[in-house]
Amino acid sequence: MPKLVLFDIDGTLVLTGGAGVRAMTRACDEIVGSSNALHAVAVAGRTDWIILSDALERMGRDLDAQLFAALRDRYVTHLREEIQVPGHGVKAVMPGIQALLDDLQARDGVYLGLLTGNFEAGARIKLEYFDLWRYFQCGAFGDDAADRNALVPFAVSRARECGVPDLAPHDILVVGDTPHDIACARAVGATPVAVATGMFTTEQLRDSGADIVFRDLSDTAAFTSLLT
């Protein structure tokens, strides 16, 4: 059966050395006058949309459409700069990712996509920096919905537009490093595949509902065995 494999970005495919947080902090400082807007706002596994919404709520402000667009556009502008800055945390492709993507891309009936809380323009900036954007023809992004649990249907719809056949929910694999990735897969009956290369341990990911958990994705054969 064909499979659609949807990858998260931060902590799953790559680490960007905190470029996203720095860029969003700069955007909030310039647009709403807060230099500490993300203080105590959870970011791991959440959409950029909900992160901004939470930050604005803490300031007593609503994230209306005009403010949302202004913050998103300024964030993307700063991200282009911040991703190039050396010496701020670890910037790397996660173990095994390059080999795994090469293997999956070469397989008939296996389709690759993104399912990420990043705004689409931000996702492209991050993955192009590591030359990984070219692997993905479709996806769902933080522009599509604030609630990550709503993103899988967006990804599936776009996959169909790109020629991916209709799939049973269990033939859609959602690969990510946080409980939010697991929850969004479970919400639609997709198969969550958790990887402990982010902030959460294998035990925490299992406790969050993942039956399939990897320490990292360096064992290509172990991952591709899921496809059969």
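This is a predicted model: local features need pLDDT of at least 70, side-chain atom pairs count only at pLDDT 80 or more; totals for chains, interfaces and linings use all residues.
Residues are numbered from 1 along each chain as its sequence is written, and side-chain values use heavy atoms, with hydrogens and water left out.

**Asp144 and its surroundings**

- Asp144 lies in the loop between strand S5 (139–140) and helix H6 (151–161); helices (H or I, at least four residues) and strands (E, at least two) are DSSP runs, numbered from the N terminus.
- The side chain of Asp144 also makes a polar contact of 2.7 Å with the side chain of Arg158; a polar contact is a pair of N or O atoms within 3.5 Å, where within protein one must be able to donate a hydrogen and the other to accept it, and residues adjacent in sequence count only if both atoms are side-chain atoms.
- When neighbours within four places in sequence are left aside, Asp144 is in contact with Trp49, Leu151, Phe154 and Arg158, contact meaning heavy atoms within 4.5 Å.

- Asp8 lies in the loop between strand S1 (3–7) and strand S2 (14–16), and Asp8 counts as buried because its relative accessibility is 5%; buried means under 20% relative accessible area, exposed over 50%, and partly exposed in between, with a 1.4 Å probe and protein chains only.
- The side chains of Asp8 and Thr12 are joined by a polar contact of 2.9 Å.
- Although Asp8 and Asp177 are 169 residues apart along the chain, their C-alpha atoms are separated by 7.7 Å.
- Leaving aside neighbours within four places in sequence, Asp8 is in contact with several residues, including Leu115, Arg148, Asp177 and Asp181.

**Glu82**

- Glu82 is placed in helix H3 and counts as buried, because its relative accessible area is 9%.
- A polar contact of 2.7 Å joins the side chain of Glu82 to that of Arg22, and Glu82 also touches Ala19, Ala23 and Arg26, not counting residues up to four places away in sequence.

**Nonpolar cores**

- The largest nonpolar core has 29 residues, and those with the most contacts inside it are Phe7, Leu13 and Phe223; a nonpolar core is a set of buried Ala, Val, Leu, Ile, Met, Phe, Trp, Tyr and Cys residues joined through side-chain atoms within 4.5 Å.
- At least two residues of this core come from each of S1, helix H4 (97–105), strand S4 (110–115), helix H5 (120–129), strand S6 (172–176) and strand S7 (191–195), and H4 gives the most, with four residues.
- A second, separate core of 23 residues includes Ala27, Ala55, Leu56 and Leu63.
- Among the residues that Leu13 touches, not counting those up to four places away in sequence, are Phe7, Asp8, Ile97, Leu114 and Phe136.

**Helices H3 and H5**

- The axes of helix H3 (residues 65–82) and H5 come within 9 Å and cross at roughly 5°; axes are lines fitted to C-alpha atoms, for helices over the stretch in contact, and angles run from 0 to 180 degrees between N-to-C directions.
- That crossing makes H3 roughly parallel to H5, because angles under 35 degrees count as roughly parallel.
- Tyr75, Val76, Leu79 and Arg80 of H3 make the contact with Ala121, Gly122, Ile125 and Lys126 of H5.
- In H5, Gly122, Ala123, Ile125, Lys126 and Leu127 are buried, and the buried residues of H5 pack against S2, helix H1 (19–32), H3 and S4.

**Positive phi values**

- Most residues other than glycine have a negative phi.
- Ala40, in the loop between H1 and helix H2 (48–58), has a positive phi near 70°, and Ala40 is exposed, with a relative accessible area of 61%.
- Asp131, in the loop between H5 and S5, has a positive phi of about 60° although it is not a glycine, and Asp131 is partly exposed, with a relative accessible area of 44%.

**Cysteines**

- The structure holds zero disulfides, a disulfide being a pair of cysteine sulfur atoms within 2.5 Å.
- Cys138 is in no disulfide, and the nearest cysteine sulfur, that of Cys162, is 4.9 Å away.
- Cys138 is buried, with a relative accessible area of 8%, and Cys28 counts as buried at 0% relative accessibility.

Conventions: Angles under 35 degrees count as roughly parallel, over 145 as roughly antiparallel, 65 to 115 as roughly perpendicular and the rest as oblique.
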